[in-house]
Amino acid sequence: MPHPKAQYLPGDTPPDLPGQVDRRIRSRLDGSHLPDAHDLVGMLVTALRAEVPVALPANPATLANDTEVFQETARSLLGAPGALNADLGLFPANLRAHAMAAISQQDPIYGAYTPAQAATLLEPFLDRIARQLVLDWYQQSALRVRPSDDIVTLFHRFATLAALGATGPQDAIGAAYLAAHPQSPTFQPVLPQKVKEALTEGLGRLESVRTALQGAGSVSLRNGVDARWSTNPLVEAAASELDDEKTSLVTEKALPSTVKNIKAALHALTNIVDPGAHAGLPRPRFTVVKAAGRDQNIRAYTEAGGVSVTIGQFDGADVVAHEVGHVLENVLPLGCWLDLMRLLQGRHAVAGGGDTLLPLHPGAADTTLAKECAYRSVMPAYPSRSGDRGSYAARVYGGDSPTEVMSTALEMLVVLKSAKTLLFDDPQVLAIVLRWLTGPGGVAGNTQLLTVALPTAM
């Protein structure tokens, strides 16, 4: 299957999940590094040479055990002209072929092996090598930032590590991640009414939700949080606007409304995010574009070692929170994004979405707006404006496949009235978001409810 397209249009077939996960991992949105396929080829050859004994087996036609099969496979590969110059992605197939060449058809144990059986035999030996290669690669330079453990451990499987060098359709890494993190068999993307009401009641008892319902931006900061988020945000004018007049937008003593809005949004979010989860999040950095209004497509983006959010001069606290939501979706573990995507795709299926996406702006004269599309997912707290268009919260993007679920949820949580709407109209979205923003056990309570509401198990 191919990676997601650069852009999806109304009426298109939705992107496939393995391809989306694969692209998301390879994009390294959190600023981390994946092992380099070219580096790994040389390291793999060195590791294979270390596995091959100098002496040949006592009886090459009757190999004594699986270890001898592996050793003779490596010997055969290392002796083949040009085999060591192959791309990393070709090594699994080459090793299978050399295993069949190393095994005599007269071998009483291995002679009848098929290529698939030979591959299974080689797997534990190659996985052991893969784990060591990954460890060594990251230890070679302090500049190589390790991704989270759920990503690193994927490459402890040789087949997945080799996929880093794949030149064809790229979804093997995504498929491996999904296999390691399956969807909960009890998950329901649309909750029965009684379950929905019970979930609303349970979430309403959480401190973060109670705070949001009081107005998270108007109450004192919770103990244990990093107050720099809200009391001293990093704000600068856009680099192209550093003249005296425009620099004063963010430096004058009487703080402009933009900075007040940034502080208000971060104060509210600081009160909602659990201190334990908050400690691992980078400090936001905001770039303010003067005279840019809500109509501009201002997007959040991340850089290694920090967070950069570009907003317009007139954007309010809800817009600031929305854009910070995009950043959090990138820097939180991949499991957060996967939960959001499984919710969207699950609701799309329940709505009978089939193979077509809905327009967000049907009949729009603006060609950019006319191209925007969404899953057919019903999003009760952030509904579409009419039946012929999708909800913005269900928007479909190409490329790295960001979502609008986290961002619209945070946008609602910093406004008292909207926070109540989210809790009562779509507690499932709130439960999924808080699962990742409030740390382990943050939404723990009625386990039976959560096994239905959450796409992946706690």
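**A bent helix and its surroundings**

Helix 5 bends by about 40 degrees at Glu123, and a proline, Pro124, follows within four residues; the bend at a residue is the angle between axes fitted to the seven residues ending there and the seven starting there. This is a predicted model, in which local features need pLDDT of at least 70 and side-chain atom pairs count only at pLDDT 80 or more, whereas totals for chains, interfaces and linings use all residues. Residues are numbered from 1 along each chain as its sequence is written, and side-chain values use heavy atoms, with hydrogens and water left out.

How far apart are the end C-alpha atoms of helix 5? They are 35 Å apart, which agrees with the 36 Å that its 25 residues should span at 1.5 Å a residue, the expected span being 1.5 Å times one less than the number of residues. Helices (H or I, at least four residues) and strands (E, at least two) are taken here as DSSP runs, numbered from the N terminus. Among the residues of helix 5 that are buried are Leu121, Leu122, Leu126, Ile129, Leu133 and Val134, where buried means under 20% relative accessible area, exposed over 50%, and partly exposed in between, with a 1.4 Å probe and protein chains only.

The aromatic side chains come next. Rings of Phe, Tyr and Trp (its six-membered ring) pair if their centres lie within 6.5 Å, and planes under 30 degrees apart count as stacked, over 60 as edge-to-face and the rest as tilted. By this rule the structure has 3 aromatic pairs. In one of them, Phe70 and Phe125 are stacked, at 4.8 Å centre to centre and with 10 degrees between the planes. This pair links distant parts of the chain, since Phe70 belongs to helix 3 (residues 66-78) and Phe125 to helix 5 (residues 115-139), 55 residues apart. Phe70 counts as buried because its relative accessibility is 2%, and Phe125 counts as buried at 14%.

The rings of Trp137 and Tyr138 have their centres 5.0 Å apart and their planes at 85 degrees, so this pair is edge-to-face. Both Trp137 and Tyr138 are buried. A charge sits over a ring if NZ of Lys or CZ of Arg is within 6 Å of the ring centre and within 35 degrees of the ring normal. The charged end of Arg144 sits in this way over the ring of Trp137, 4.0 Å from its centre, while that of Arg146 sits over the ring of Tyr138, 5.4 Å from its centre.

Elsewhere in the chain, Asn330 lies in helix 15 (residues 317-331) and counts as buried at 15% relative accessibility. Its side chain is joined to that of Arg24 by a polar contact of 2.9 Å; such a contact is a pair of N or O atoms within 3.5 Å, and within protein one must be able to donate a hydrogen and the other to accept it, while residues adjacent in sequence count only if both atoms are side-chain atoms. Thr200, in helix 9 (residues 193-203), is buried with a relative accessible area of 9%. The C-alpha atoms of Thr200 and Pro427 are separated by 5.5 Å, although these residues are 227 residues apart along the chain.

For the chain as a whole, there are 21 helices and 7 strands. Of its 458 residues, 50% count as buried.
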